Amino acid sequence: MPKISGYEIHDVRFPTSLSGDGTDAMNTECDYSSAYVALLTDSDLIGYGMTFTIGRGNDIVCEAIKQVSDRLIGKNTQVLFADMGKTWEYMMSDPQLRWIGPEKGVIHIASGAVNNALWDMYARSENKPLWKLIVDFTPEELVQSAAFRYITDAITKEEALAMLKEKEVGKKEREAKVRELGYPAYVTSAGWLGYDDEKVARLTKEAIAAGFNHFKMKVGADQANDLRRGKLIRSIIDDPQYLPKGSAPRNLNSEALRGKNAGPTGAVLMIDANQVWDVKQAIKYVEGLSEIKPWFIEEPTAPDDILGHAAIRKALKPSNIGVATGEHAHNRMVFKQLLQAEAIDVVQIDSCRLAGVSEVLSVLLMAAKFGVPVCPHAGGVGLCEYVIHLSLIDYIAISGSMERNVLEFVDHLHEHFVTPCSINSAGRYNVPTNPKEGYSIEMHKTSIAEYEWPNGSYWVGARKNKALSLIKSIMMSEGPVAPIVIILIFILSVAMSFWMLLL
Ligand SMILES: [Mg+2]
């Protein structure tokens, strides 16, 4: 079997701040970025992985990826793949790198990129998409692949094994069902804070026409404005005239909609504050939005504040508004405590804030044991490509249910991937089926060449344009500035000519 022989790392940044994409109450100028790695072997087998950031700092993650990858050089892939749980523990336990975590921050998300690249390589070596590799595991193999250190007070390997064995029944049928129907999704891109009302209304109508019935809106900058925007979205999603031709309102008493504050057409609204509030502030602010009937408030406060989330959930219970979090929950222990403290109604794993597939598996197992649905965080760049695999693993092999789950979808930047994710006409993710696509995260080489920071062709062009527009604005300006600049340029040119002659 091949040995790992090297790596390529790329700092890839997309200029999304120019369009207001991804704007929320906390993150106002995001350039969606990928700290991207290709793990190379002494054969033609390659594993691709990445983690997501929103711009500055992506270079720091790339450096950490290099340090994490260095420890895999020379390793036999057969040995690594034979026990992915043990491989994960090896990756987490560098005797020196561990100090700058442990299991959190830059080093952890860098480890996520590398662990994901290893899983991608494993799936490619078996000629299966990643989800299929894992759902075809025996229960023993799946348990062996997960990260159990520090969570055995919430779930033991024996308990996990018993759960998975129980779910063996019906696995084939579930796989066939989701291949046929797709996996339920929701849309976020209609409700970003940087968009004006006209754009929000247009995107919401487009999302309904595309088959979606769960919608998320960003909140937290201004309560009155949020209420107004929420009413605008509600006025559209609750109006049967916008439903796709021939489709009737959904059944409000169905399991899929139970307790979600669905409107008359069966539409569900969620709100997301991206961590802006203190605990009491969160409660007051969200109570003030109860008129727009959200299913849950996402990230109401600091992501590490487990008891804060529990307090918010308890206080919002009478208003029938739930709490969701997880995109910034930096390891499985945070999820363990959120579940133990009954702090959340929805688990929102992130595919690369957790340190890769092995740690995600442990959170999926805990969520199934506690009976809390997993609705992964996605969007950004590459996250949608990743998470469909994780939700398929959850549905087919672990929780056995997708009825109440919805997987985030944002229709941005998919064109940069060799095997992009896709949505069917019912607003559900299609199942990735290409046996060569691994974890679906391989990026086009042309995209890397264009958007690599700081010397990709896009960024070089952007700097040139900025310099030219600066010169243009000086030349167009009234008053003495333009003539002074022209005289200075003239003097500088003459001085340089003389200097060249002297040389
Ligand atoms: Mg969010």
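**Stop 1: Pro-102**

Select Pro-102, in the loop between helix H3 (84–92) and H4. The model you have open is predicted. Look at the peptide bond from Gly-101 to Pro-102: it is cis, with omega near -15°. Most peptide bonds are trans.

**Stop 2: helix H4**

Now select residues 105–125, which form helix H4. H4 has 21 residues. From first C-alpha to last, H4 reaches 31 Å, close to the 30 Å expected at 1.5 Å a residue. Is H4 mostly covered or mostly open? Mostly covered: 18 of its 21 residues are buried. Step past the end of the helix to Asn-127, which follows H4 and has a positive phi, near 55°.

**Stop 3: Asn-76**

Go back to Asn-76, in the loop between helix H1 (58–70) and helix H2 (77–82). Asn-76 and Pro-2 are 74 residues apart in sequence, yet their C-alpha atoms are 6.2 Å apart in space. Which residues does Asn-76 contact, leaving aside its neighbours within four places in sequence? Met-1 and Lys-3. Asn-76 counts as partly exposed because it has 13 C-beta neighbours inside 10 Å.

**Stop 4: the whole chain**

Zoom out. The chain has 18 helices and 11 strands. The radius of gyration is 25 Å, close to the 23 Å that the globule rule gives for 503 residues, so the chain is as compact as a globular protein of that length. Along its principal axes, the C-alpha trace spans about 85 × 60 × 45 Å. Of the 503 residues, 49% count as buried.

Colour by domain next. The domain assignment gives domain 1 (4–144), domain 2 (171–433) and domain 3 (457–502).

**Stop 5: residues 197–319**

Select residues 197–319. UniProt, in an unreviewed entry, lists them as "domain: Mandelate racemase/muconate lactonizing enzyme C-terminal". Over residues 197–319 the chain is 39% helix and 12% strand. The end C-alpha atoms of this stretch are 27 Å apart.

**Stop 6: helix H9**

Show the side chains of Val-200, Leu-203, Thr-204, Ala-207 and Ile-208, which are buried. They cover an arc of only 140° around the axis, which puts them on the same side of H9. An α-helix has 3.6 residues a turn, so residues three or four places apart point the same way.

What covers the buried residues of H9? Strand S4 (183–191), strand S5 (214–218) and helix H10 (223–237) are included in that cover. Just after H9, find Gly-211, with a positive phi of about 105°.

**Stop 7: helix H10**

Move on to H10. Its 15 residues reach 21 Å from first C-alpha to last, close to the 21 Å expected at 1.5 Å a residue. Show Asp-226, Arg-229, Gly-230, Ile-233, Arg-234, Ile-236 and Ile-237: in H10, these are buried. Seen down the axis of H10, the buried residues fall within an arc of 160°, so they line one face of the helix. Turn to the face away from this buried side. There you find the exposed residues Ala-224, Arg-228 and Lys-231. What covers the buried residues of H10 includes S4, H9, S5 and strand S6 (268–272).

**Stop 8: two positive phi angles**

Most residues other than glycine have a negative phi. Select Asn-274, in the loop between S6 and helix H11 (279–287). Its phi is positive, near 50°. Is Asn-274 buried or exposed? Asn-274 is buried, with 20 other C-beta atoms within 10 Å.

Then select Ser-440, in the loop between strand S11 (428–429) and H16. Ser-440 is not a glycine, but its phi is positive, about 65°. Ser-440 counts as buried because it has 25 C-beta neighbours inside 10 Å.

**Last stop: Pro-454**

Finish at Pro-454, in the loop between helix H16 (445–451) and helix H17 (457–476). A cis peptide bond joins Trp-453 and Pro-454, with omega about 0°.

Technical notes: Residues are numbered from 1 along each chain as its sequence is written. This is a predicted model: local features need pLDDT of at least 70, side-chain atom pairs count only at pLDDT 80 or more; totals for chains, interfaces and linings use all residues. Helices (H or I, at least four residues) and strands (E, at least two) are DSSP runs, numbered from the N terminus. The expected span of a helix is 1.5 Å times one less than its number of residues. A residue is buried if 20 or more other C-beta atoms lie within 10 Å of its own, exposed if 12 or fewer, and partly exposed in between; C-beta atoms are placed from the backbone. The radius of gyration is taken over C-alpha atoms; the globule rule is 2.2 Å times the number of residues to the power 0.38. UniProt positions are given in the numbering used here, feature names are shortened, and annotations may be inferred rather than shown by experiment. The arc is that of the directions from the helix axis to the C-beta atoms. Two residues are in contact if their C-beta atoms, placed from the backbone, lie within 7 Å. Domain bounds come from an automatic or database domain assignment.
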